[in-house]
Amino acid sequence: HNWNVSEFLKVDVEAMNKQVISSYKTAFGLTKSLEGDEVALRVKGMIEEWRERMPCILDLGNPALRPRHWEKLFKKINLAYKGPTSASSISLTQLEGNGIFDHREYVSEVSANASGEFALEQSLDQVIAAWADLLL
């Protein structure tokens, strides 16, 4: 997979998570059946790194994240934010290279706030639609 170099916003993080989980199960089984095999252990270790990062990657892939949220994230990792195109052109490698995984809690907080704001926006849209149908 070219998850690392693809434009991050185009990556299907849910599919990525499923692949990491599936690969980990396979690697774990291989380390049991090939006990002591260095290659199996190394592959399992590499997949464990991905597994540890997946919660943060899933937060970054939250569809509720808007440009204002990306701007906060860019600022946190000292990346220049030049508008919405900054977020749409960044890759996971660039995020990682700028230390995004050192700020997992912050990413989680921004993502949770984005979800809450999105839910409020949806509710507000419903209220507006309901009022628009009423004749005053």
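Helices are DSSP runs of H or I, at least four residues long, numbered from the N terminus. Helix 2 of this predicted model covers residues 38-60.

**Salt bridges**

The structure holds 6 salt bridges.

| Pair | N to O separation |
|---|---|
| Lys10 and Glu7 | 3.1 Å |
| Glu48 and Lys44 | 3.7 Å |
| Glu49 and Arg53 | 3.8 Å |

**Lys10 and Glu7**

The side chains of Lys10 and Glu7 meet at 3.1 Å. Lys10 is exposed, because its relative accessibility of 67% lies over the 50% cut-off. Glu7 is partly exposed at 33%.

**Pairs in helix 2**

Glu48 and Lys44 both belong to helix 2. They sit 4 residues apart, about one turn of the helix. Their side chains form a salt bridge. Glu48 is partly exposed, with 26% relative accessibility. Lys44 has a relative accessible area of 16%, so Lys44 counts as buried, the limit being under 20%.

Glu49 and Arg53 are also in helix 2, 4 residues apart. About one helical turn separates Glu49 from Arg53. Their closest N and O atoms are 3.8 Å apart. Glu49 is partly exposed at 43% relative accessibility. Arg53 is buried, with a relative accessible area of 19%.

**A linked set**

Key
Residues numbered from 1 in each chain as written. Predicted model: local features only at pLDDT ≥ 70, side-chain atom pairs only at ≥ 80, totals over all residues. Heavy atoms only, no water. Salt bridge = Lys/Arg side-chain N within 4 Å of Asp/Glu carboxyl O. Buried < 20%, exposed > 50% of the residue type's maximum accessible area, 1.4 Å probe, protein only. Helix = DSSP H or I, 4+ residues; strand = E, 2+ residues; numbered from the N terminus.
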